[in-house]
Amino acid sequence: MKKPAVAFVAGARPNFMKISPVLRAVEEFDAPFHPVIVHTGQHYSAELSDVFFRQLGIREPDVHLEAGSGTHGQQTAKVLEAFEAFLLRASPAIAAVMVAGDVNSTIAAAMAAAKIQIPVIHLEAGLRSFDRSMPEEINRLTTDAISDLLLVSEPAGEENLRHEGVPETRIRYVGNVMIDTLVSHLSMAALSRITRPYALVTLHRPSNVDGRDSLAEIVDFLVDIAADLEVVFPVHPRTQSRLEEFGLLSRLQRLTAIHLFPPLGYVENLGLMRDAAVVLTDSGGIQEETSYLSIPCLTMRDNTERPATLSLGTNTLVGRDFISARRLVTEILKGNYRQSKPIPGWDGKAAARVVREIAGFLEMRNLVSPVVQTAH
Ligand code: UD1
């Protein structure tokens, strides 16, 4: 019997680190399905897309939807329309669709598939920040509501889904595939050339960067801590345009202790994270990666959908309280900060469990012959 095709949808930077280990595990365990890689084109710049395909060894996408940027409605609609057209004409037919994370491409592709009754598998299901002002929270809630198999990465995820009434039979705790990617690339991560202790900064949430006052406060904070340590800041395109628009860029450029870069590739960023004294971020994935690496992480948000990084990892939510954040940076530089504890399923072996669950799911739906044997 020919292996059924499963579309692996990836559209924005954080998706690429999630599909890469799963694609590798599909080959390693000779999975009973064939992955078709669909790039939605939500991220299209070389620095947000191509470099990840290259460094993570992901083959060329089979399909490119070229959705590009736009408002949330425009971007979601472009992916929805283009992905539906692809699903309707795909030959051989797509048996199931796997979407990852919480970006606009995730919900758009899930919705296109669900409406034409192609089963949806959500990788990194169950995360909840309980903050609906975040576009990602809307994407998480809606994607989980229409997914048939929910693959959970974070210990709180199963409980969140149960509270929402998702049947137990759809929920599987597989752990965190982002940590698989981290584990397999750590030895390739370049040594940082910065010899003094430094803070690595990543910022791109609309709530932090889209308003002049909020971005100006963060710039003040970075200028302040640059008196005590170097500040390494790869600037996301959204943040770059806002810094320019609000006339804030020159305040950062003026200081020799602040090092601005364009967005970095995966291995460059990983090396900088591993060797940092502290990471200041508003990213989701970086809260997880710093926890695994046991690097202090101060998250400039009021909530997190990844609470295990607070209870077991090295993450502290500082929100917009820059006085506390300043105090914490001082303590961290003195060596006063907690170490992380292991988080269940964040062990570098999650992708094997994902492949096993997808294979089991397809078998249950009579789409494949007997289940693949994997390591777990
Ligand atoms: C998106 C995701 C966010 C994720 C982030 C990682 C949603 C709702 N948001 O946010 O969850 O954490 O990606 O980066 O899906 N741009 C480029 N090149 C590109 C893509 C975008 O220069 O390849 C610029 C454009 O000016 C665009 C802006 O960046 O308007 C924002 O891009 P967009 O995809 O809308 O959102 P992100 O902020 O990247």
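Predicted model: local features only at pLDDT ≥ 70, side-chain atom pairs only at ≥ 80, totals over all residues.
1. Start with where the ligand is. The ligand sits in the largest pocket. Domain 1 (5-175 + 346-364) and domain 2 (189-333) both contribute residues to the shell around the ligand, so the ligand lies between the two domains.

2. Next, look at who surrounds the ligand. There are 18 residues around it, and Gln42, Tyr44, Ser45, Glu136 and Arg238 come nearest. Sorted by class, the shell holds nine polar, five nonpolar and four charged residues. Three helices, H1 (13-28), H3 (72-89) and H10 (237-245), each provide at least two residues of this shell.

3. Now zoom in on some atom pairs. The side chain of serine 45 places an N or O atom 2.6 Å from a nitrogen atom of the ligand. Glutamine 42 has a polar side-chain atom 2.8 Å from a ligand oxygen atom. On its own the ligand has 750 Å² of accessible area, and the protein covers 84% of that.

4. Two spots in the backbone deserve a look. Most peptide bonds are trans, and most residues other than glycine have a negative phi. The bond from serine 91 to proline 92 is cis, with omega near 0°, and proline 92 belongs to the loop between H3 and strand S4 (94-100). Glutamate 66, which is not a glycine, has a positive phi near 50°. You can find glutamate 66 in the loop between strand S3 (63-64) and H3.

Conventions
Residues numbered from 1 in each chain as written. Heavy atoms only, no water. Near = heavy atom within 4 Å. Polar contact = N/O pair within 3.5 Å; in protein donor to acceptor, adjacent residues only side chain to side chain. Areas by Shrake-Rupley, 256 points an atom, 1.4 Å probe, with all protein chains shown as cover. 1 Å grid on protein atoms, 1.4 Å probe; cavity = no way out; pocket = protein on both sides within 12 Å on 5 of 7 lines; lining within 4 Å. Sits in = over half its atoms within 2 Å of the grid points. Helix = DSSP H or I, 4+ residues; strand = E, 2+ residues; numbered from the N terminus. Nonpolar A, V, L, I, M, F, W, Y, C, P; charged D, E, K, R; others polar. Domains from an automatic or database assignment.
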